[in-house]
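Keep the structure open as you go.

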Amino acid sequence: MKKIELLAPAGDINKMDFALEYGADAVYLSGKRLGMRAACKNFDYDDLKTASLATHSRKKKFYVTLNIFPNDEDFSGVSEYVDYLQSIHADGLIVSDLGLIRYLADIGCHIPVHVSTQANVMNSRTARVYADMGVKRIVLARELDLEQIKAIRDALPPEVELEAFVHGAMCVSYSGRCLLSNYLTGRSANRGECNQACRMVFTPECGGDSVELVQDDGTYVFGGNDLNMIEHLKEIADAGVTSFKIEGRVKSEYYVACVVGAYRHAVDCTLRGEKVPEAIVRETAKAPNRGFNTGFYYGQPVHDSTPHKYYDFCGVVAENCADGAVVEMRNRFKTGDTLEVLCPNIKYLNKQITVPIMTCDDGTSTDDAKVPMKRYLLGGINLPEMSILRRPQK
């Protein structure tokens, strides 16, 4: 089996660090312009340089999204931006617009171009057109099944890679080409400003009467289950995909760590020809989700309406010292609580700890970590930095 690249989202530097620490081979991210996730903090020029150093020092890669559907005025300054990305040795540009792909060739851009899933590559003829234009990777439309992917792979030269999503939110619209956000708020999903209206709770009205749709965790009229292919990675690899992509640039560092960590173990098992352990499969359900299915890989998705609860992100180990672990709080926890450890080191994964009396920065003791982002010393507990503490939702 060919080497598999595990590709993770990076909405900002902090999330990028978690993605790399928990096992991503590469990250995809956006600068301050031309990216499809304006809601993220994203990366300014200094941040992009930091991303280059952080990935390349680990012998990993970073890809930059230029995947909005641009208007004419958006091309202003693109050449200078691309020059900068070339100077810091970006490993790929993810592009959806045909004109922008041609423009990059015209200005002599030598960064490999990856065709975004937004371009809706659904057949081998379209894939070959992009290959003839010199692109190095095609991020497949999410609506393809495994047999269709195989047909596209067979039609392409071996140097053109295929990338496909294996986990994360599935857009209600065809490969993400949505008008709902723009219609409701004037924020165009196709220009990076999606307000994710499809994932909100709606109250339909019939003849002047309203009917409230209620479910424990909200009723998402348009938003479906999340994609989860952790048990089917071999089938995707056998279809000819070499880059496995996780969705989630607007998700938390906990989400990134939990999902990337699970898929790191799963990819390694797949490469060794082993079955993915059930404990690793269960990890994906501990990150925020709306239930799971296998997308279009095996035909029409089957919606899972089973109620689901995930784990709360309680804190992250900011420092491991002789006296114990310094934990930066995210969700309230108290002395005596039992918390579970998430860690890239399998030795600590799912270890249970009991919270001791804690020490604050000023040296005072407390039994209640209730201030978000404040740091608390958990004496006598030693865990690697960037370990995460979590617990099941009640």
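The turns below take up a helix, then ring pairs, then charges.

Q: What kind of model is this?
A: This is a predicted model.

Q: Which residues of helix α6 are buried?
A: Start with the general idea. An α-helix has 3.6 residues a turn, so residues three or four places apart point the same way. Now the case here. Helix α6 spans residues 146–155, and its buried residues are Leu146, Ile149, Ile152 and Arg153. Seen down the axis of α6, they fall within an arc of 120 degrees, so they line one face of the helix.

Q: What do the buried residues of α6 pack against?
A: They pack against α5 (124–132), β7 (161–168) and α8 (233–238). On the other side of α6, Glu147 and Asp154 are exposed.

Q: Which residue caps the N-terminal end of α6?
A: Asp145 does. One of its side-chain oxygens lies 3.1 Å from the backbone nitrogen of Glu147.

Q: How many aromatic pairs does the structure hold?
A: First, how to describe one. A pair of aromatic rings is described by the distance of the centres and the angle of the planes. This structure holds five aromatic pairs. Among them, Tyr45 and Tyr84 are stacked, at 4.1 Å centre to centre with 5 degrees between the planes. Tyr45 lies in helix α2 (residues 45–56) and Tyr84 in helix α3 (residues 78–87), so the pair ties together parts 39 residues apart in sequence.

Q: Is Tyr84 buried or exposed?
A: Tyr84 is buried, with a relative accessible area of 17%. Tyr45, Tyr81 and Tyr84 form one aromatic cluster.

Q: What is the geometry of the Phe75 and Tyr103 rings?
A: Their centres are 5.5 Å apart and their planes are at 85 degrees, so the pair is edge-to-face. The pair links distant parts of the chain. Phe75 is in the loop between β3 (61–66) and α3, and Tyr103 is in helix α4 (residues 98–106). Phe75 is partly exposed at 22%, and Tyr103 is partly exposed at 24%.

Q: Which lysine lies over the face of Tyr28?
A: Lys245 does, at 4.4 Å from the ring centre. Lys251 lies over the face of Tyr255, at 4.1 Å from the ring centre.

Q: How many salt bridges does a search of the whole structure find?
A: It finds 20. One of them joins the side chains of Asp25 and Arg264, at 3.2 Å, N to O. Asp25 lies in the loop between α1 (13–21) and β2 (26–30) and Arg264 in helix α9 (residues 253–271), so the pair ties together parts 239 residues apart in sequence. Asp25 counts as buried at 18% relative accessibility. Arg264 counts as buried at 15%.

Q: Where do Lys234 and Asp238 lie?
A: Both lie in helix α8, four residues apart, about one turn of the helix. Lys234 is partly exposed at 47%, and Asp238 is partly exposed at 44%.

Q: What does Arg332 form with Asp368?
A: A salt bridge, with the closest N and O atoms 2.4 Å apart. Arg332 is in the loop between β14 (324–329) and β15 (333–334), and Asp368 is in strand β20 (residues 368–369). Arg332 counts as partly exposed at 42%, while Asp368 counts as buried at 12%.

Q: Which residues are linked in a network of salt bridges?
A: Glu5, Arg137, Glu161, Glu163 and Lys245 are.

Conventions:
Residues numbered from 1 in each chain as written. Predicted model: local features only at pLDDT ≥ 70, side-chain atom pairs only at ≥ 80, totals over all residues. Heavy atoms only, no water. Buried < 20%, exposed > 50% of the residue type's maximum accessible area, 1.4 Å probe, protein only. Helix = DSSP H or I, 4+ residues; strand = E, 2+ residues; numbered from the N terminus. Arc of directions from axis to C-beta. Contact = heavy atoms within 4.5 Å. Polar contact = N/O pair within 3.5 Å; in protein donor to acceptor, adjacent residues only side chain to side chain. Phe/Tyr/Trp six-rings, centres within 6.5 Å; stacked < 30°, edge-to-face > 60°. Lys NZ or Arg CZ within 6 Å of the ring centre and 35° of its normal. Salt bridge = Lys/Arg side-chain N within 4 Å of Asp/Glu carboxyl O.
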